[in-house]
Amino acid sequence: MGWSPFLGIPLIVALLSFLFYKNFPLKSLNSAPQNFPRLFTVEELALYNGSDPRLPIFLGIIGSVFDVSKGKSHYGVGGGYNHFAGRDASRAFVSGNFTGDGLTDSLRDLSSAEVKSIVDWRDFYFRTYTYVGKLVGRYYDSEGNPTKYLKGVEAKAARGAQLMEKQKNEEAKLPSCNSRWSQQEGSEVWCDDGYPRLVQRPTEIALTGKMSKRCACFKEEDLDQPGLEVYEGCDYSAKTCRL
């Protein structure tokens, strides 16, 4: 009986199957598709708020979405930060308003220092948690491209960083007062070398939109310059003031 060419077909099929699965192994049916980073709508992101134990917990900040599941005790249901889960509540990172309109991604009317603080929070999440995608809307368009609003936020944060560095350098020229507080004696400020005076922070209004003052030590020959304020109830020539 002669050899039939059909007998070799099963062997060829088996060989091809072996080579195929060796080079293209099947993934487990239970494994999740690795399609990150991805684009989320507001409605899609809301599904990952920790209420469904089958899903991971996601959080958005300035349009970037992160998997914070490893912090489930904080971001899960009942956790102290659960109000951030399943949404982009960028503004709340500096406002502390975790209800209603406070849970928004709008940074309108925030100061450059506040915007910089939120950008710093976003950088923290990049370092600490897993980045999974972008939220389509205010910060990214439907193609995942940065919007003008995001570019404006980045520019404002950079301006805030420059102003903070400038303020730090300017204040380094004038030593700050020493201070302490006790329940028995209240507050006290003093200078080891010089006299305590209240002085305005020149860049503060650009940073925060508000004017503030700090206590700095001035030498005697500099006390007549404008803008210096003696603490209420403190003698002009005193080096220590009880408040």
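I took a nonpolar core to be a set of buried Ala, Val, Leu, Ile, Met, Phe, Trp, Tyr and Cys residues joined through side-chain atoms within 4.5 Å. Buried means under 20% relative accessible area, exposed over 50%, and partly exposed in between, with a 1.4 Å probe and protein chains only. The model is predicted, with local features needing pLDDT of at least 70 and side-chain atom pairs pLDDT 80 or more, while totals for chains, interfaces and linings use all residues. Residues are numbered from 1 along each chain as its sequence is written, and side-chain values use heavy atoms, leaving out hydrogens and water.

**Entry 1: the cores**

I looked up the largest nonpolar core and found 25 residues, with Ile-61, Ile-62, Val-68 and Tyr-125 having the most contacts inside it. Strand 2, helix 4 (92-95), helix 5 (112-128) and helix 6 each supply at least two residues of this core. Helix 5 gives the most, with four residues. For these names, helices (H or I, at least four residues) and strands (E, at least two) are DSSP runs numbered from the N terminus.

I then checked Val-68, counting contact as heavy atoms within 4.5 Å. Setting aside residues up to four places away in sequence, Val-68 touches Ile-57, Phe-58, Leu-59, Tyr-75, Tyr-125 and Tyr-129. A second, separate core has 10 residues, including Cys-177, Cys-234, Ala-238 and Cys-241.

**Entry 2: strand 2 and its partner**

Which residues cover the two sides of strand 2 (residues 58-61)? I found Phe-58 and Gly-60 on one side and Leu-59 and Ile-61 on the other, all of them buried. Strand 2 runs antiparallel to strand 3 (residues 64-67), with four bridges joining them; a pair needs at least two DSSP bridges. Phe-58 stands opposite Asp-67 in strand 3. The hairpin has two residues between the strands, and Ile-62 takes a positive phi near 50° there.

**Entry 3: the disulfides**

With a disulfide defined as a pair of cysteine sulfur atoms within 2.5 Å, I counted three. Counting bonded cysteines along the chain, their pattern is 1-3, 2-4, 5-6.

Cys-177 is joined to Cys-215, S to S 1.9 Å. Cys-177 sits in the loop between helix 6 (148-172) and strand 5 (178-182), and Cys-215 in strand 8 (residues 213-218), 38 residues apart. The torsion about their S-S bond is about -75°, so this disulfide is left-handed. Both Cys-177 and Cys-215 are buried.

Cys-191 is joined to Cys-217, S to S 2.1 Å. This pair also links distant parts of the chain, from the loop between strand 6 (186-190) and strand 7 (195-200) to strand 8. The link of Cys-191 and Cys-217 is left-handed, with -95° about the S-S bond.

Cys-234 is joined to Cys-241, S to S 1.8 Å, and their link is left-handed at -60°. Cys-234 is buried at 14% relative accessible area, and Cys-241 is buried at 1%.

**Entry 4: Glu-188**

Is Glu-188 buried or exposed? I found Glu-188 in strand 6, and at 6% relative accessibility Glu-188 counts as buried. Its side chain makes a polar contact of 2.7 Å with the side chain of Arg-180. Beyond its neighbours within four places in sequence, Glu-188 is in contact with residues including Asn-178, Thr-240 and Cys-241. A polar contact here is a pair of N or O atoms within 3.5 Å; within protein, one must be able to donate a hydrogen and the other to accept it, and residues adjacent in sequence count only if both atoms are side-chain atoms.
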